[in-house]
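Please keep the sequence and the structure in view while reading.

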Amino acid sequence: MADELKDMVLNYVTKEYLEDDSEPLTYDTPLISGGIVDSFSMVSLKRFLENKYAISIPDEEATPEAFDSVNKIVALVQRFAAKKA
Amino acid sequence: MSNIGSYDERVKNFSWSIAEKELGYKPGDVINIGWYCTDRICQQGKGERVALYWEGFTGIEKTYTYNDIRLASNTIAAFLSGLGIQPGERVCLFMDRIPELYLGFLGILKTGAIAQPLFSAFGDESLLVRLSNAEATAVITQKKHAPKVRKILDKMPHLKHIIIVDHDGTAPLKDREVAFSLEKAAPVEHFDVYPTKAESPSVIHYTSGTTGMPKGVQHVHYSLISQYLTAQWALDLRDDDIYWCTADPGWVTGTSYGIIAPFALGVTQCVLDAGFSAEAWYKWIEKRKVTMWYSAPTAIRSLMKAGDEIVKKFDLSSLRHLASVGEPLNSEAVVWSRKVFGKPFYDTYWQTETGSIVISNYPGMEVRAGSMGKPFPGITGTVLDPIKNEPYTTHGKIGLVALKFDWPSRMRTYWNNKEAFQKKFRNGWYITGDRSKLDADGYFWFAGRDDDIINTAGHLVSPFEVESALLEHPAVAESAVVSKPDPLNLEVVKAFVALKPGFTASKDLDLEIMNFIRKKLSPLAMPQEIEFVPSLPKTRSGKIMRRLLHAKEWGEEIGDTSTLEND
């Protein structure tokens, strides 16, 4: 489940936020501090996660640090998915 | 003692010739910003001083002395000349904040060509509109951004060269592309800097229009006079400062105060090419021992959000002076910075069109938290009655911020759009498009925009441009775009969308439309909220009443609705 989730997020970020010729992402590539996803684009990434996993991430939890890599995003999603359950 | 000393004395005895004399410039002389920022500093014996500390997000560091930036800008200028770039041609810079952006800017100016910096997060549509209007003949970019240029190449017959600064040979160059590596190119010791004069065009920055497409604000080399003096007096920049301007040179702050002013003053500046994080920013200040920090209210509010505890982890005692620009600085931010940094952020006010700071809080002068401050010496500013187009005779009334249009860095025109330029004036005053009031002591207090332009995190977004792009989405029948209050970014973009028959509102469609705009225009222009509506409020003549939607978002009175359709 965790691996599936990781790949889903990684594929989505690659498809939506990277240009065609970019270096491939890893699960730990810095997304926000690395300038791949800016704070405005983070809103659409958050929306994707909320839609896809039927969760609600409060704005105060949607920090640049929490969105800074695929691994961190997955941890965030899992935390809110567990709360929902 | 601050550089400005007594504000009142400076106002009394002011002349722009103060800057001209310091720069060794006399009316009629050659004046080239590229030369002033590099060769002149070396001629003053500061060639070995660090001009730029740069660090990329992967931790790569680069350091350039003034002699290095002289050589690098010569090398880029020689490369451009070798390609056949002529004085007056527009050369676009479309890059992240890598050293080539800063050095390329100076190199372009040395050839006499006009630099056209564009924000690297722009999508292909935003890029096309701006490159086409400027009829740019060359773009300097990175391989990661080249696909956006390729996508629109067929629509730009004027574009002759796409210069890729980090081509590594892994993929072949495509149509009109050429590789240039600053590190591999032989340094050019001597380049004949083009003898531009005071009124020679230097830079075009694009800014959003209310009803039309973006406008190219054209500046001249003489702008240096204002930028040099305002950096000394308003930002209090000193010879031994380590200066950090957080702005991206895709916007005017990043060129006026992120390239031109600090380099012309010969100070050391640092650039961190990484996304925002409070930890990374504080670490950077500590590491580089930043003394003067020029940032934006959104960034300051983001730091506030990160809390006070994190500040204690770092030694920020090097900070001597702090200033802010881009949107009104709320009084809470001033109070907070006093508490955590021991000094306030000084708000500065200006626009792409003004080219330099025109209203400011000055070191040594009382900071009235939340106020824009007072006009820079030599600049006449007022608040106009919007009906009579004359300055109010009593204080405290909200009106239009207006300026006498006579300082060195004022824009000279909108590129290919003289009509829009002429519309910026009323009764002999330049109208900024902002509203404010004046208090009895001459401080300006910001009250909002006078038009529909959205100021999000200090960047202006045109509702018209977003609405036009929305209509290109297959599901959108009509749309209206307004600002929505936001605690972090001051305002964000909100779109009201009516769908075409056969489409149904859903969360997936909402996200699809958001991403559509983000990629087409830019992340800044992406609606942070989309409200699907059956139809939009219109006048009887069919014009969408954006005003009603705006009022709803801001909890304001709706006002006159007598022209509303089906009212």
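Chain B, taken here from a predicted model, contains 17 helices and 28 strands. Along the principal axes, the C-alpha atoms of chain B occupy a box of roughly 75 × 60 × 50 Å. Among the contacts in chain B with a separation of 6 or more, 68% join residues 24 or more positions apart.

The packing of two helices can now be examined. Two packed helices are described by the angle between their axes and the distance between the axes. In chain B, helix H5 and helix H6 pack at an angle of about 60°, and their axes are 7 Å apart. H5(B) is therefore oblique to H6(B), since angles between 35 and 65 degrees are neither roughly parallel nor roughly perpendicular. The crossing of H5(B) and H6(B) is right-handed.

| Helix | Range | Residues in the contact |
|---|---|---|
| H5(B) | residues 66–83 | B:Ile69, B:Ala72, B:Ser73, B:Asn74, B:Ile76, B:Ala77, B:Leu80 and B:Ser81 |
| H6(B) | residues 99–111 | B:Leu103, B:Gly104, B:Leu106, B:Gly107, B:Ile108, B:Lys110 and B:Thr111 |

Sorted by class, the contact of H5(B) with H6(B) comprises 8 nonpolar, 6 polar and 1 charged residues.

Note on methods
Residues are numbered from 1 along each chain as its sequence is written. Chains are lettered from A and ligands numbered from 1 in the order in which they are written. This is a predicted model: local features need pLDDT of at least 70, side-chain atom pairs count only at pLDDT 80 or more; totals for chains, interfaces and linings use all residues. Helices (H or I, at least four residues) and strands (E, at least two) are DSSP runs, numbered from the N terminus. Two residues are in contact if their C-beta atoms, placed from the backbone, lie within 7 Å. Axes are lines fitted to C-alpha atoms, for helices over the stretch in contact, and angles run from 0 to 180 degrees between N-to-C directions. Angles under 35 degrees count as roughly parallel, over 145 as roughly antiparallel, 65 to 115 as roughly perpendicular and the rest as oblique. A crossing is left-handed if the near helix is turned anticlockwise from the far one by less than a right angle, and right-handed if clockwise. Ala, Val, Leu, Ile, Met, Phe, Trp, Tyr, Cys and Pro count as nonpolar, Asp, Glu, Lys and Arg as charged, and the others, Gly among them, as polar.
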